[in-house]
Amino acid sequence: MKIAVLANLKEDAPVSKEDPPGRWDDLDDRKTVDAILASLHELGHTAQYFPATIESIQELKNYTPDLCFNSAEGHFGDSREAQMPAILDSLRIPYTCAGVLGMSLSHNKAVAKKMFRDTRIPTANFVVVRYGTEIPNHKMTFPLFVKPGVEGSSIGINDSALVRNEEELLHQVKYVRSITDSLILVEQYIEGREFTIGILGDEVLPIVEIISPTGFYSSAQKEDLNSAVRRVCPADLSPEKTALFKSIAKRAMNALHLLDICRMDMRMDTQGNPYVLEVNPIPLMDPDPNQASLVFASAAAGYTYTDIVRKIIESAARRWNLALN
Ligand SMILES: Nc1ncnc2c1ncn2[C@@H]1O[C@H](COP(=O)(O)OP(=O)(O)OP(=O)(O)O)[C@@H](O)[C@H]1O
Ligand SMILES: [Mg+2]
């Protein structure tokens, strides 16, 4: 096949002085795009990288790809991952990963959590601070957790995200408001263990446990390559709990209309109850397994990086009815 790889590279990010730390952390490094291209070539496809920007569209059309490998996170707007799928839909070019609906549902964590509630997928109780810093009435008991409702890479999640009283809560909502104009989530804090679960095509990968000395995964920890956070895969869970977490992961993927691949964060409280925190429709594909949990979990399942790329392409080709040659 002739495949266009679409991504927004970190090196091309529209950096500005107002950006909070980690603002562009979910964009791809050049080495990730190079690794995807190398795998596509190894699989016998013709492949070329295109920046996922409006300026590249004519060139992309001229390339006449059979399929786009979509890794585009986008830059601005309330559903930035949905922009490339919208353009590709209107051009009638097939692409990997979720469409506009899936990207939009998962980008907005409050909407995603409403979808989970509707489909009885366990998720922490929450209220939304839509504008300003006024916190709606709620019946949750402390401790609570405060985070932006639309960003990734733990932006706005610092060491004070876990709040134990009204004063800390208001202080933290004000802090998050100072870095984002969009919605803020105040959630029940789920004390317990944390897991991340990748799904590749139809297959739920071995579960990764994220062990952080602070009990949760802050933006500083995500940025610090030498942080004390450890990953263990497969996670030390009973066969019953493993099966439960995996089945919830599949249901969450379906509830948000995600396709081909996704990775979700889950917690287990001290009583052993599972909760889905959020789902990423385009998981990081950094070839370094220590950087990318999905690559780490795939390695534990015995898959090479090229196997991951192959499985994404196979899944998309099935959906779009494309011949794999
Ligand atoms: N309700 C909660 N209870 C306990 N910890 C939480 C809760 N919500 C978030 N966290 C902690 O904060 C981290 C980041 O939260 P979340 O995954 O929702 O944000 P993110 O910025 O989108 O992360 P990602 O980089 O995976 O996109 C989680 O990995 C977890 O450690
Ligand atoms: Mg997360």
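Helix 1 and helix 10 are roughly perpendicular to each other, a label given to angles of 65 to 115 degrees. This is a predicted model, in which local features need pLDDT of at least 70, side-chain atom pairs count only at pLDDT 80 or more, and totals for chains, interfaces and linings use all residues. Residues are numbered from 1 along each chain as its sequence is written, while chains are lettered from A and ligands numbered from 1 in the order in which they are written.

The axes of helix 1, residues 30-42, and helix 10, residues 305-320, cross at roughly 75° and come within 9 Å. Helix 1 contributes Ala 35, Ile 36, Ser 39, Leu 40 and Glu 42 to the contact, and helix 10 contributes Tyr 305, Thr 306 and Val 309; contact requires C-beta atoms, placed from the backbone, within 7 Å. By class, 5 of these residues are nonpolar, 2 polar and 1 charged.

I turn next to helix 3, residues 83-91. Gln 83, Met 84, Pro 85, Ile 87 and Leu 88 are buried there, buried meaning that 20 or more other C-beta atoms lie within 10 Å of a residue's own. The buried residues of helix 3 pack against strand 1 (2-7), helix 2 (57-63), strand 3 (67-71) and helix 4 (100-107). Just after helix 3, Arg 92 has a positive phi of about 60°.

Finally, the domains. The chain is divided into domain 1 (2-97), domain 2 (125-188) and domain 3 (192-315), with bounds from an automatic or database domain assignment. Between domain 2 and domain 3, the C-alpha centres lie 24 Å apart, and 9 residues of domain 2 are in contact with 8 residues of domain 3.

Note on methods: Axes fitted to C-alpha atoms, helices over the stretch in contact; angles between N-to-C directions. Helix = DSSP H or I, 4+ residues; strand = E, 2+ residues; numbered from the N terminus. Parallel < 35°, antiparallel > 145°, perpendicular 65-115°, else oblique. Contact = placed C-beta atoms within 7 Å. Nonpolar A, V, L, I, M, F, W, Y, C, P; charged D, E, K, R; others polar. Buried ≥ 20, exposed ≤ 12 C-beta atoms within 10 Å, placed from the backbone.
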